[in-house]
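Here is a brief report on one protein chain.

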Amino acid sequence: MAQVYIGIGSNLQREYSLCRGISLLEQLFGPLKRSAIYQSEAVGFNGPDFYNLVAYFETSLSLVTLARVLRDIEYQCGRPRAAKKCSSRMLDIDLLLYDSMVCDAPCRLPRPEIAMNAFVLRPLAELAGERVHPLTFCPLIQMWRQLEPTAIPLTRIDDSFLNHTSNDYVHYACDYPLPDSGTY
């Protein structure tokens, strides 16, 4: 079974889109382990703020099949098939890590945004802080602590709207202290 970490985000109908996407993921992969949800501004284009989180599950699907399945879930949740890379979206699912695989196709792994975007690295480090990045060979929590302080700020949001997605849902709170304001 491959250990998989995915980034999940939405900036259109955020609460509905995340609930629907997570529900579809759980139908295929069972209860997910997930980070808290963080709000951040759109990167690379002007648009509404995103809600982002990271989820973990195990699968026997090959990387190629998993990439297709995740894209199909995005389509089921309203992503246009011809969506531009930097655009608003109902649901965006990015494969971040598939075991310790390093590759360029069918997607680039590990996902480069891990090392540069707080909205990816913070929730990933929350779930898998001791996991070593397959290219930097640094634990993810160390990469988080070293991220530039000028990184796009994050605000942890109330994620109680997700409670109805699964009775078995597991939320792993971050073991690393949060600033009093909830903003990073």
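## Burial and surface

Of the 184 residues in the protein chain, 52% are buried. The model is predicted. The accessible surface of the chain comes to about 9100 Å². Carbon and sulfur atoms account for 50% of that surface.

## Fold layout

The protein chain holds four helices and seven strands. Along the sequence they follow the pattern β-α-β-β-β-α-β-α-α-β-β.

Taking contacts between residues at least 6 apart in sequence, 71% join residues at least 24 apart.

## L124 in helix 3

L124 sits in helix 3, which covers residues 118–128. Its relative accessible area is 0%. L124 is therefore buried, as the cut-off for that class is under 20%.

Which residues does L124 touch, leaving aside those up to four places away in sequence? The contacts are Y5, V54, L96, L97, I114, G129 and L140. L124 and Y56 are 68 residues apart in sequence, yet their C-alpha atoms are 9.1 Å apart.

## Salt bridges around E74

The structure holds nine salt bridges. One of them pairs R71 with E74, with the closest N and O atoms 2.7 Å apart. Both residues belong to helix 2, residues 63–76. They are three residues apart, about one turn of the helix.

E74 also forms a salt bridge with R79, at 3.1 Å from N to O. Are these residues buried or exposed? E74 is buried, with a relative accessible area of 0%. R79 also counts as buried, at 10%. R71 has a relative accessible area of 36%.

R89 and D92 form another salt bridge, at 3.6 Å from N to O. Both of these residues are buried. Through shared partners, salt bridges join R71, E74, R79, R89 and D92 into one network.

Conventions. Residues numbered from 1 in each chain as written. Predicted model: local features only at pLDDT ≥ 70, side-chain atom pairs only at ≥ 80, totals over all residues. Heavy atoms only, no water. Helix = DSSP H or I, 4+ residues; strand = E, 2+ residues; numbered from the N terminus. Buried < 20%, exposed > 50% of the residue type's maximum accessible area, 1.4 Å probe, protein only. Contact = heavy atoms within 4.5 Å. Salt bridge = Lys/Arg side-chain N within 4 Å of Asp/Glu carboxyl O. Areas by Shrake-Rupley, 256 points an atom, 1.4 Å probe, with all protein chains shown as cover.
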